[in-house]
Amino acid sequence: MQEDIIKSVLQGNDTLALLPTGGGKSICFQVPALCREGVCIVISPLIALMKDQVHNLRKRNIDAEAIYSGIAYRDIDRILDNCVFGKVKFLYLSPERLQSELVRTRLGRMNVCLLAIDEAHCISQWGYDFRPPYLQIAEIRPLLQKTPVLALTATATPEVVTDIQDKLQFKRRNSENIFQQSFVRDNLAYVVRECEEKTENARDILLKMKGSSVVYVRNRKETLLTAQYLQSYGISVAHYHAGLSAKERSAAQESWINGRVRVIVATNAFGMGIDKPDVQTVIHLDVPETIEAYFQEAGRAGRDGNKAFPILLYSVHDRPKLEQKYLLSYPSLPEIRRVYQALGNYFQLAIGSGEGEKFDFDIAEFTVRYEFNLLKTYNALKILESAGWVMLSESVFKPATIQINVNKEEWYNAVLKYPNLETVMKVLLRAYDNIWHHPAEVDEGKIADYLKMPYAKVRQQLSFLQQQQIIRYSPKNDSPQLLFVRERVSLENLNLTEAAYEFRKQRHYDKMQAMLRYCETNRCRSGQLIAYFGEENTRKCGNCDVCLHEKRALRQHANYEAVNQRLLELLRENQLDMDMLLSFFSPSQQDLATKLFTYYLEEGTICETDDGILQWIV
């Protein structure tokens, strides 16, 4: 559907595109933007994905920039200026940035050819990942009155589809502007396997199936333990979670993508934007909290079109574990307020201050200092985030940047004034182009190796040059960060309404129960998934564990071969309705013939015309 979506955007229509994971959503805004004059604004909540897309665009000599938490004010100012003067083709923004007066003022001066909103389901409280800053997106539309909007998502139920259009103020809301690719993935054979020894089951699957695989586990500790266990059986494996350093995460990801290891064991922090088409199996050792999350993660299998296997390992203990986790996910409102108050004290923020400020944040140290429960504190922060007060990021690698802040004469005077810094200053000039004009990404470790100088001393010298205002230096940072989206308020002004809190809690519960029903219901797995997303064509897939079990049960019948052969011959050679078809079988065969006919009808091999005539399709 990419071509139809692109045409709709080029015609100036507000457009909603629902493409499954791996469906090529980025092409849908990149191509029309390149066809038009002006900058394309891309809203995305995923910093790692923004950075990855900017990197890939630059590799193709397309000017792209990203603004997200952690970027210095002066760099934001420079990037926005370049957008105003037409030097940038794609500007990626986190939704929180749209609330900045600086950004809004510059947007009004830009020639914006397209506003693209990725992960558009985040705008809807009916969705599974609601983010209040998305609600602010429509506020910039008056600044961009002639600019079409393209909303993109991989997962949206019918109510979310309606909500996206309403919240983004689509100028026209009709089916012609909605492009929904079927959620059916014919090459995926979904499996739910009930077992107790999940790690051993995963091992057996991976020893039997030799292709590339992702194994999803619940927490960081399990990534390492599971990887070590699989390694002990000769399976080449890496592990990945957000707590690893950027270097470790990148090494694990690259090893897996390039085929140096076959299996990657990861938390759900892994996968967004990863383009590896030949994944044969995606194994879940734990049940995801929502069908949307499961569908996205499972959908990373088989993007090359070859048969692939999303396998969910399920035990009788999973339901109570998931329900217990749900209860812990919603601390009481007084507990949430105490966490918010402690944050303000922890970062020494006065009432009325802090808006837009970000801080390195060690949640473990924070909880120890205030004697809070770690899990409850984390969930309290997520609720404060969903209410639009703070934003908690996992550790995101931010490389060091340096820009010379003086003219050449002042620079050489500084070399004479600080002779002990001469070697570092010379390396900066030799190693980094355009450091006079733009912030350059630098590697403090490589500088230290080249100068045979301790790493800490290099950082100390660069910090001194920063203090003397000779350079603008932002050190490398790989810490989790907490951003105050709004100014700190007193507890009585902390707007956490009971109704909104209970709404989110109930939505979470409903989605969790839908996920558990998927695991526990013996109906075609693919049919269950696409029905959840509102598709009416819920024919049997013929590939999942439920369908294959039904096939095996039918084939074990004593008269299977004779009845099946006769059924196929009759349907291929005659125009028959159901009663006429059954009349060709003896009473002892009619029950099996009915079961076979029903199976083929649900699988889509047989169809029934309006006048009741049965037709063989395949």
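A crossing of two helices is right-handed if the near helix is turned clockwise from the far one by less than a right angle, and left-handed if it is turned anticlockwise. I noted that down before looking at the pair α13 and α14, whose crossing is right-handed.

**Entry 1: confidence.** The model is a predicted one. I looked up the pLDDT of the protein chain and found an average of 88, with 97% of the residues at 70 or above. Confidence is lowest in strand β21, residues 614–616, where the mean is 76. Strand β13, residues 309–314, has the highest, at 97.

**Entry 2: α13 and α14.** I took α13 as residues 363–370 and α14 as residues 374–386. Their axes come within 10 Å and cross at roughly 115°. Angles of 65 to 115 degrees count as roughly perpendicular, so α13 is roughly perpendicular to α14. I then listed the residues that meet: I363, A364, F366 and T367 from α13, and L374, T377, Y378 and L381 from α14. Six residues of this contact are nonpolar, two are polar and none is charged.

**Entry 3: the sheet of three strands.** What is the strand order in the open sheet of three strands? I read it as β14-β19-β15, with antiparallel pairing. β14 (358–360) and β15 (390–393) each have a single partner strand, so they stand at the edges and one side of each has no neighbour in the sheet. From one strand to the next the twist averages 20°. I checked the pairing of β14 with β19 (residues 481–484) and found three bridges in the antiparallel sense. D360 has Q481 in β19 as its bridge partner.

Entry 4: I next followed an open sheet of six strands, ordered β8-β13-β12-β9-β11-β10, with parallel pairing. Which strands are at its edges? They are β8 (191–194) and β10 (237–240), and each pairs on one side only. The twist in this sheet averages 20° from one strand to the next. Within the sheet I looked at β9 (residues 212–216) and β11 (residues 263–266), which run parallel and are joined by four bridges. The bridge partner of S213 is V263 in β11.

Entry 5: Which strands does helix α19, residues 498–520, lie across? I found α19 across β8 and β13, running at about 100° to β13. β13 is also the strand with the highest confidence, at 97.

Definitions and conventions:
Residues numbered from 1 in each chain as written. Predicted model: local features only at pLDDT ≥ 70, side-chain atom pairs only at ≥ 80, totals over all residues. Heavy atoms only, no water. Axes fitted to C-alpha atoms, helices over the stretch in contact; angles between N-to-C directions. Helix = DSSP H or I, 4+ residues; strand = E, 2+ residues; numbered from the N terminus. Parallel < 35°, antiparallel > 145°, perpendicular 65-115°, else oblique. Contact = heavy atoms within 4.5 Å. Nonpolar A, V, L, I, M, F, W, Y, C, P; charged D, E, K, R; others polar. pLDDT = per-residue confidence, 0-100. Pairing = 2+ DSSP bridges.
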